[in-house]
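Let's take a look at the charged side chains in this model and how they pair up.

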Amino acid sequence: MSAGPSRTVRPLAVPRPRAAETELKELVRRFERARRPLVVVGGEEWTAPDHRP
């Protein structure tokens with residue numbers, strides 16, 4: 001039994017969400033008004049090299 005000829009399949013592009021301009025302006029406004037701002041940065045697609053200090 002043969003699997004038949006192979007074919008190359010290109011991967012789909014994964015869209016990356018972006019914040020709207022109004023959302024970024026609101027974020028900046030909140031940081032400017034904050035007495036003790038704190039930023040926690042993270043993401044789902046991090047790899048080991050991304051965790052370097």
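## R30 and E26

R30 and E26 are joined through their side chains by a salt bridge, with 2.8 Å from N to O; the term stands for a side-chain nitrogen of Lys or Arg within 4 Å of a carboxyl oxygen of Asp or Glu. Both R30 and E26 belong to helix 1, where four residues, about one turn of the helix, separate them. Helices here are DSSP runs of H or I with at least four residues, numbered from the N terminus.

This is a predicted model, in which local features need pLDDT of at least 70 and side-chain atom pairs count only at pLDDT 80 or more, while totals for chains, interfaces and linings use all residues. Residues are numbered from 1 along each chain as its sequence is written, and side-chain values use heavy atoms, leaving out hydrogens and water.

## E26 and R29

E26 also meets the side chain of R29 in a salt bridge, at 2.6 Å from N to O. These two sit three residues apart in helix 1 (residues 21-33), again about one turn of the helix. The structure holds two salt bridges.

Through shared partners, the salt bridges link E26, R29 and R30 into one network. How open are its members?
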